[in-house]
Amino acid sequence: MDFKGMDIISIRDFSKQEILQILKTATKMEGLRKPLLKDKVLATLFFEPSTRTRLSFEAAMSRLGGKVIGFADPNVSSASKGESLPDSIKIVQGYADVIVIRHPLEGSARVAAESSDVPVINGGDGANQHPTQTFLDLYTIQKVKKKLNGLKIGFLGDLKYGRTVHSLAHALSHFGAEMYFISPESLRMPSDDLKELKAKKIKYHEVKDLMKVIKKLDVLYATRIQAERFPDPIDYNRVKDSYILDKSLLKGVKKDLKILHPLPRVNEINYDIDDTPYAVYFEQARNGVPVRMALLALVLGVKI
Amino acid sequence: MKELRVSAIKDGTVIDHIPSDVTFKVVRVLHLSKMEKTVMVAQNLKSKKMRTKGIVKVSGKELTEDEANKIALLAPSATVNIIKNYNVSKKMDLKVPELIKGIMKCSNPKCVTNNDSVPTVFTLKSTKPVKVQCRYCERYMQAADLKIL
């Protein structure tokens with residue numbers, strides 16, 4: 001597969017084979033310090049705050065010998081003068097070989113890709129997609145479980161608004177995962193996503209109580225439940241503690257259970273889990289660099 | 001018994017079996033209020049096929065395939081007949097296009113199409129009911145719930 005010139009906008013655009021090739025390339029990037037992109041420029045356009053995504057893209061580009069330009073605050077960009085997004089992209093494409101964009105509006109990355117002759121990578125468009133996060137989630141699971149096929153995966157917390165959950169569930173549907181959706185009633189997986197899984201004959205279960213299923217899981221993907229998602233604070237207070245993980249809940253789980261979290265965490269994973277072999281969320285964040293190195297190299301058509 | 005009749009037209013297009021509540025949406029989508037020729041619109045007519053229906057008759061205009069496809073979005077069970085010399089010369093098949101551009105507004109207020117100068121594009125996901133997906137924000141929507149631009 002040739003990824004040269006390809007845009008990375010949504011996990012839904014990728015076949016199973018393409019996903020596997022990206023993960024394979026990321027493995028080759030581990031520890032690599034070759035200036036494969038030394039003549040290339042990455043433009044990072046962050047219309048919304050980000051630390052991990054932006055810095056890991058900048059690190060990825062730097063590790064491959066490339067240069068980075070861009071902004072991390074929309075108030076310093078032409079957006080504050082009222083310039084449209086397509087116009088901004090048409091200008092920036094003349095300054096760079098590849099663009100990474102994070103923007104609050106859903107679909108903005110797709111618009112950017114349509115306005116640009118250089119590849120565009122979506123660093124997060126509102127509540128819609130964050131494909132490089134999904135790739136690094138998959139890469140982490142593959143690395144720690146030594147496989148992607150046939151795993152029992154639990155998704156915990158805010159499944160209604162959690163874009164990382166929707167995307168990862170979609171991606172894992174290529175690999176025959178059995179899925180457990182663990183959430184309060186008001187934050188269940190959207191029905192359209194469940195219909196899609198059903199159409200792909202993916203076995204899934206919806207439960208409210210983590211303890212009923214935790215011993216079955218190979219992987220647990222935890223997300224934060226945000227108070228602002230609950231119009232009534234009483235409802236929030238009723239559920240918030242049911243979805244907090246601490247070491248005491250892990251008695252009897254599979255020895256090789258791995259816990260992931262897209263971060264930042266607030267209180268949903270207790271610090272007492274960090275030093276256990278179950279916790280892989282910091283390794284997960286570090287994996288963002290080889291995965292993003294792989295994506296940059298692939299879309300710029302460089303031979304690895 | 002006096003009965004309301006919708007007159008026959010000599011040449012033009014008859015759109016029949018429109019769900020009553022959609023009749024004026026059809027008029028809007030086809031920009032018929034700007035027509036110079038005669039346009040007849042009837043709503044809440046009794047129907048054997050449906051409880052009530054709407055009919056739109058446009059003199060001197062043959063609907064294009066594009067226009068027929070727009071109607072397919074709003075009223076997939078409608079019938080479109082081209083009339084020549086008072087006779088039906090052609091029955092148009094209504095088919096919702098796979099790609100629907102610029103006709104409907106995305107219902108997601110955070111979609112880029114509602115906040116920047118970007119025309120909407122939807123892909124057809126199912127026909128019964130007509131369900132579409134916004135190309136940009138990737139949300140699924142029922143076509144009947146969407147505002148026509």
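A:Ser183 touches A:Gly157, A:Leu159, A:Arg188, A:Val207, A:Lys208 and A:Tyr243, leaving aside residues up to four places away in sequence. This is a predicted model, so everything here is read from predicted coordinates. The serine sits in the loop between β6 (178–182) and α7 (191–199) of chain A. With a relative accessible area of 4%, A:Ser183 is buried. Its side chain also reaches the backbone oxygen of A:Leu187, at 3.4 Å.

Staying in chain A, take helix α4, residues 108–115. Seven of its eight residues are buried, so the helix is mostly covered. The buried ones are A:Ser108, A:Ala109, A:Arg110, A:Val111, A:Ala112, A:Ala113 and A:Ser115. What do they pack against? Their partners are α3 (85–92), β3 (98–103) and β4 (120–125), again in chain A.

Now for chain B. It has two helices and nine strands, and along the sequence they run β-α-β-β-α-β-β-β-β-β-β. The radius of gyration of chain B is 16 Å, close to the 15 Å that the globule rule gives for 149 residues, so the chain is as compact as a globular protein of that length. Its C-alpha trace spans about 55 × 30 × 25 Å along the principal axes. Of the 149 residues, 46% count as buried. Among contacts in chain B between residues at least 6 apart in sequence, 56% join residues at least 24 apart.

How do the two chains meet? On the chain B side, 15 residues are in contact with 19 residues of chain A. Together the chains bury about 1,400 Å², with 43% of that on carbon and sulfur atoms. B:Lys110, B:Tyr136 and B:Glu138 supply 38% of the area that chain B buries against chain A, more than any other three residues. There are 15 residue pairs in polar contact between the chains, counting pairs with both residues at pLDDT 80 or more. The chain B residues that touch chain A divide into six nonpolar, three polar and six charged. Five salt bridges run between the two chains.

Over all chains, the whole structure holds 24 salt bridges. Here are some of them, with the N to O distance for each.

| Salt bridge | N to O distance |
|---|---|
| A:Glu114 – B:Arg135 | 2.6 Å |
| A:Arg12 – A:Glu196 | 2.7 Å |
| B:Lys53 – B:Asp16 | 3.0 Å |
| B:Asp11 – B:Lys10 | 3.8 Å |

A:Arg12 and A:Glu196 form a salt bridge that links distant parts of the chain: A:Arg12 lies in the segment before α1 (16–29), A:Glu196 in helix α7, 184 residues apart. A:Arg12 is partly exposed, at 26% relative accessible area. Both residues belong to a network of salt bridges that also links A:Asp13, A:Arg110, A:Asp193 and B:Glu138.

Within chain B, B:Lys53 and B:Asp16 meet in a salt bridge. B:Lys53 lies in strand β3 (residues 52–59) and B:Asp16 in strand β1 (residues 12–19), so the pair ties together parts that are 37 residues apart in sequence. Are these two buried or exposed? B:Lys53 is buried at 11% relative accessible area, and B:Asp16 counts as buried at 15%. In the salt bridge between B:Asp11 and B:Lys10, B:Asp11 is partly exposed at 33% and B:Lys10 is partly exposed at 44%.

How values were computed:
Residues numbered from 1 in each chain as written. Chains lettered and ligands numbered in written order. Predicted model: local features only at pLDDT ≥ 70, side-chain atom pairs only at ≥ 80, totals over all residues. Heavy atoms only, no water. Contact = heavy atoms within 4.5 Å. Buried area = accessible area lost by both parts, 1.4 Å probe. Salt bridge = Lys/Arg side-chain N within 4 Å of Asp/Glu carboxyl O. Polar contact = N/O pair within 3.5 Å; in protein donor to acceptor, adjacent residues only side chain to side chain. Nonpolar A, V, L, I, M, F, W, Y, C, P; charged D, E, K, R; others polar. Buried < 20%, exposed > 50% of the residue type's maximum accessible area, 1.4 Å probe, protein only. Helix = DSSP H or I, 4+ residues; strand = E, 2+ residues; numbered from the N terminus. Rg over C-alpha atoms; globule rule 2.2 N^0.38 Å.
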